[in-house]
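Colleague: Could you take me through the ligand site and a few residues of this protein? I would like each answer to end on the value or name I ask for.

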Amino acid sequence: MKKTTVYDCTLIELDKHHHEKGNISVVENGKTVPFGVERTYYLYDVPGGESRGGHAHRELQQLIVSASGSFSVTLDDGEVKRTFLLNRPYHGLLIVQGIWRELNDFSSGSVCLVLASHKYDAADYIRSYEEFLEYKK
Ligand code: TYD
């Protein structure tokens, strides 16, 4: 999926069940996300000023949610960059295949929840920006 662009990536409003005792948001395969969730992981205890990401995936699609706190995600398709501030637990950022991403500005105590379309595969990563630009040509 070389030809994807940052405009294929969108903020998705997740189901939010409001309750006086607290809220619940739900993600369902095939309904909320256009892929089956094969893996879930989360980033936490990110030191202030640290950035994460700095890679692209060949096939992996992800939905990124700020389960707590806030952080920014900058997407890059080799031509255009878009930055999203994630600061609501009922917003998910869909990142399609072939998009470079950087995660920055983590607030203290933030939790970055990632729902992913495939199991972990180191070979799916493109970790060199130069290689990414070549891949997108
Ligand atoms: P990485 O995806 O590079 O982190 P980030 O994009 O958040 O900066 O993952 C960091 C390391 O964690 C990686 O070298 C291997 C390990 N890892 C796993 O073993 N399994 C996983 O599912 C993930 C996401 C990472």
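What follows is a set of questions and answers on the ligand site and some single residues.

Colleague: What should I know about the model before we start?

Modeller: This is a predicted model, in which local features need pLDDT of at least 70 and side-chain atom pairs count only at pLDDT 80 or more, while totals for chains, interfaces and linings use all residues. Residues are numbered from 1 along each chain as its sequence is written, and side-chain values use heavy atoms, with hydrogens and water left out.

Colleague: Which residues surround the ligand?

Modeller: A residue is near a molecule if one of its heavy atoms lies within 4 Å of it. The residues that surround the ligand are R39, Y41, L43, R52, G53, H55, Y120, Y125 and R127.

Colleague: How many residues of each class does the shell around the ligand have?

Modeller: Ala, Val, Leu, Ile, Met, Phe, Trp, Tyr, Cys and Pro count as nonpolar, Asp, Glu, Lys and Arg as charged, and the others, Gly among them, as polar. By these classes the shell has four nonpolar, two polar and three charged residues.

Colleague: How far is an oxygen atom of the ligand from an N or O atom in the side chain of R39?

Modeller: A polar contact is a pair of N or O atoms within 3.5 Å; within protein, one must be able to donate a hydrogen and the other to accept it, and residues adjacent in sequence count only if both atoms are side-chain atoms. For an oxygen atom of the ligand, the distance to an N or O atom in the side chain of R52 is 2.9 Å, and in the side chain of Y125 it is 2.6 Å. For the side chain of R39, the distance is 2.4 Å.

Colleague: What percentage of the ligand's exposed area does the protein bury?

Modeller: Accessible areas come from the Shrake-Rupley method with a 1.4 Å probe; for residues, only the protein chains shown count as cover. Taken alone, the ligand exposes 530 Å², and the part of that buried by the protein is 61%.

Colleague: Which elements give two or more residues to the shell around the ligand?

Modeller: Strands (E, at least two residues) and helices (H or I, at least four) are DSSP runs, numbered from the N terminus. The elements that give two or more residues to this shell are β4 (39–43) and β5 (52–57).

Colleague: What is the phi of D45?

Modeller: Most residues other than glycine have a negative phi. D45 is found in the loop between β4 and β5. D45 is exposed (over 50% relative accessible area; buried is under 20%, partly exposed in between, with a 1.4 Å probe and protein chains only), at 67%. Its phi is positive, near 55°.

Colleague: Which residue has its side chain joined to that of D105 by a polar contact of 3.1 Å?

Modeller: D105 lies in the loop between β10 (100–104) and β11 (111–116) and is exposed at 59% relative accessibility. D105 also has a positive phi of about 60°, although it is not a glycine. The side chain in contact with that of D105 belongs to S72.

Colleague: What separates the C-alpha atoms of T5 and V37?

Modeller: T5 and V37 are 32 residues apart along the chain. Their C-alpha atoms are separated by 22 Å.
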